[in-house]
Amino acid sequence: MFIERSVALRVIKGEAAALSPEFGGCVMCALVADAPTTHVLCRTRRSVAVLARFGVRRGHLLVVLRRHVERFEEITWPEWQDAQRVAWEAARAAERALGATRVYVASLGSATQRPMTFPHHHLHVVPTYRGDRRDRPAAVFTWQDGVVLQDERDAARLTRELRAAWPMGARGSERLGDSHR
Ligand SMILES: [Zn+2]
């Protein structure tokens, strides 16, 4: 279901305000620690792939580094490699399970905390589909047209489909991530 940007922003603002103090106000740290299992697609030692609750397209997901790092200078090569690998797996799963015609992978985020963007490093994996007349990066990476709100039932179904199509299997990926220590 598409909802207005302003509605999504209100919800996110409320959720950020309710975060436990241990996360230092970082929604991404909270997500790494506490993402609902219905949203988690894959965990490795260094990153976690979760469905974006407010996505710009069906199956939009995030690959979040477990460690709170904001700058490329702080990201180790093994962390970057791991996150890229998970994004690659996610993109393949989106092609297989959801029939995506194109999958965008991007490192976005703002240097400062804002209602819809967070400095904690993460990658966006965004599938696009046949018939999407606005499947260009500038039209996809914006909330101007509203966002997809995943209700719990949708999220659980999407997670099941993506996990079933995950290249190494979600557990295989976990093993692989561990072997990269
Ligand atoms: Zn963080």
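**Figure 1. Pairing of strands β4 and β8 around G55 in the predicted model.** G55 stands opposite V148, a residue of β8. The model shown here and in the following views is predicted. Strand β4 and strand β8, the latter covering residues 147-149, pair in the antiparallel sense over two bridges. Both strands belong to an open sheet of three strands, in which the order is β1-β8-β4 and the pairing is antiparallel. The edges of this sheet are formed by β1 (2-3) and β4 (54-55), each of which pairs on one side only.

**Figure 2. Helix α3 and the residue that follows it.** Helix α3 has 22 residues, spanning positions 77-98. From its first C-alpha to its last, α3 reaches 31 Å, close to the 32 Å expected at 1.5 Å a residue. An α-helix has 3.6 residues a turn, so residues three or four places apart point the same way. After α3 comes G99, with a positive phi near 70°.

**Figure 3. R85 within helix α3.** R85 is found in α3. This residue counts as buried because it has 21 C-beta neighbours inside 10 Å, where the threshold is 20 or more. R85 and V63 are 22 residues apart along the chain, and a distance of 9.8 Å separates their C-alpha atoms.

**Figure 4. The largest nonpolar core and the surroundings of V63.** The largest nonpolar core has 36 residues, and V63, A90 and V125 are those with the most contacts inside it. Two or more residues of this core are given by each of α2 (27-34), β2 (40-43), β3 (47-51), β5 (61-65), α3, β7 (122-128) and α5 (152-165). Helix α3 provides the largest share, seven residues. In soluble globular proteins, nonpolar side chains tend to be buried together. With neighbours within four places in sequence left aside, V63 is in contact with S47, A49, A83, V86, A87, A90, H122, L123 and V125.

**Figure 5. Overall context of the close-up views.** The protein contains six helices and eight strands. Their order from the N terminus is β-α-α-β-β-β-β-α-β-β-α-β-α-α. Of the 181 residues, 33% are buried. Among contacts with a separation of 6 or more, 68% are between residues 24 or more positions apart.

Terms used. Residues are numbered from 1 along each chain as its sequence is written. This is a predicted model: local features need pLDDT of at least 70, side-chain atom pairs count only at pLDDT 80 or more; totals for chains, interfaces and linings use all residues. Helices (H or I, at least four residues) and strands (E, at least two) are DSSP runs, numbered from the N terminus. A residue is buried if 20 or more other C-beta atoms lie within 10 Å of its own, exposed if 12 or fewer, and partly exposed in between; C-beta atoms are placed from the backbone. Two residues are in contact if their C-beta atoms, placed from the backbone, lie within 7 Å. Two strands pair if DSSP finds at least two bridges between them. The expected span of a helix is 1.5 Å times one less than its number of residues. A nonpolar core is a set of buried Ala, Val, Leu, Ile, Met, Phe, Trp, Tyr and Cys residues joined through C-beta atoms within 7 Å.
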